[in-house]
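Please look over the structure before reading on.

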Amino acid sequence: MGDLKGITQNLVKLAELGIDAVWLSPFYKSPQKDAGYDVADYRSVDPLFGDLNDFDELVAKAHELGIRVMIDLVPNHTSDQHEWFQKALAAGPGSKERSYYHFKPGRGENGELPPNNWQSMFGGPAWTRTEDGEWYVHLFDSSQPDLNWENPVVQQEFEEILKFWLERGVDGFRVDQPHAMGKAEGLPDHPYVDEAGAGFIEGRENPPMWFQDSVHEIFRSWRKILASYPGERAMCGEAYVLPLSFMALWVRPDEFHQTFNFRFLDAGWEKDRLVAAINESFEAFDAVGAPSTWVLNNHDVIRHASRFGGDYGRATASDGIGPENPQPDNALGLKKAKGATLFMLGLPGASYLYQGEELGLPEHTTIAPEHRQDPTFFRTGGKRVGRDGCRVPLPWVRGGLTNGFNQTDKAWLPQPTQYADLARDVQERDPHSTLSLYKSALKLRKELALGEGSFDWVSTDDLLCYRNQDVLVVHNFSKNEAPLPEGELLLRSGSGALLAPDETVWILSRT
Ligand code: NOJ
């Protein structure tokens, strides 16, 4: 599975990569029905990954190396194995214990129909019926019941959980699905469920399970708790809220410090959408004084080295690519991915990278059904293969069945054969590898303080170009090679005498 000790051992490699912080996905006690996003005990480490002592050692080592540690807080839902849910099931309808979650009688003559039309993000209805006939809501898997955030006991408990980890020295939290925590009074039907599928719809229409205004008070109280601890503690919300002008409300000075910018990820590397996403980002985040963030990958979407090598739009980015789907052109994908990353890392603001993208790893697109883990696969009868393809263990050292991931030679998801040549140790020795490109980019980004820099478009035509202080960043969106821009060449995602299609270059050009 990999464990906390393994991370601690390899943190030095992340320091060499040049990152500022790590975000760990959930390592708490969990039945692992959704890769740990089904938490059974928020104050523990799952024995699969180690114990609290291992966690303390990880934090200490990270801090020694100058790396901050952000952990994943999962407040929208617990595991069905959480003590609260088990007690709620036992206590029965109308009990205080059931008020920690959303339990309701069903519709229909005998309550045999779900209380409303909500759909799970992983497919199928968002309601499951209990043995006594009541239903409970779960926007994700049936093993992930949604908490009732109107209940002060729930609010209080999460404040204590925050303090528990802040006292252990964490630098902050990535908050899972904060936009789902509030639910509209009475849990009414979703008016657009036919067009919006699982219920996501852009804008302020305020679907009953997303973007409820009631959540802002919660974030304000969390922000105060973070501020009461020494040092700088921060929280980043996985707030899938669009348009960005609406999302900006989430990063007002007394709420989240940052939110992920999925508008940027969703732009799909199409020039006009990208330009619009960048413009909207600066406009929206500047308006509330928050840094813009940028992201191209995470554990929920097809890796960009494959996503850009085929026609995989936003709607299917979390559906994965299976053996039955059109296969990506990974060579083209990687070329574009490197160009895209270099373009992103030149932007002012905070950039989030997903483990393995620094190796240029492609998506694993041929995982056999018996290895599948993602609940999406099971809830859709395999129609959507889900996210396992981007979650395959990293190849650290070429050779063996897991390329150095562990000593047992068994990994919880199998690696594709092409990962051997992409192993980290191979790339470390190659100055032209994807890893070397990421290292150089992060080093320069830090030296030139690009993260705290400025932004101006120089051109929005096919040679897309912006200036960040003395650095020009140019990406070739055209189908033709172009002359390299004048100035001192700092870094580029390709090679050759000309700027190739899909290539990005950083040029020093003092004004
Ligand atoms: C978002 C997480 O990133 C994803 O992996 C998880 O399945 C859902 N939230 C539910 O917790």
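In this predicted model, the side chain of His299 places an N or O atom 2.8 Å from an oxygen atom of the ligand. The protein covers 98% of the 300 Å² of accessible area that the ligand has on its own. The notes below take the ligand site, then the cysteines.

- The side chain of Asp34 has an N or O atom 2.6 Å from a ligand oxygen.
- For Asp176, the corresponding distance from a side-chain N or O atom to an oxygen of the ligand is 2.7 Å.
- His299, as noted, has its side-chain N or O atom 2.8 Å from a ligand oxygen atom.

**The shell around the ligand**
- The ligand is surrounded by 13 residues.
- The closest are Asp34, Asp176, His299, Asp300 and Arg387.

**Cysteines**
- How many disulfides does the structure hold? The count is zero.
- A disulfide needs two cysteine sulfur atoms within 2.5 Å.
- The closest cysteine sulfur to that of Cys236 is in Cys390, 18 Å away, so the pair is too far apart for a bond.
- Is Cys236 buried or exposed? Cys236 is buried, because its relative accessible area is 1%, and the cut-off for buried is under 20%.
- Cys465 also counts as buried, with a relative accessibility of 6%.

Note on methods. Residues are numbered from 1 along each chain as its sequence is written. This is a predicted model: local features need pLDDT of at least 70, side-chain atom pairs count only at pLDDT 80 or more; totals for chains, interfaces and linings use all residues. Side-chain values use heavy atoms; hydrogens and water are left out. A residue is near a molecule or strand if one of its heavy atoms lies within 4 Å of it. A polar contact is a pair of N or O atoms within 3.5 Å; within protein, one must be able to donate a hydrogen and the other to accept it, and residues adjacent in sequence count only if both atoms are side-chain atoms. Accessible areas come from the Shrake-Rupley method with a 1.4 Å probe; for residues, only the protein chains shown count as cover. Buried means under 20% relative accessible area, exposed over 50%, partly exposed in between (1.4 Å probe, protein chains only).
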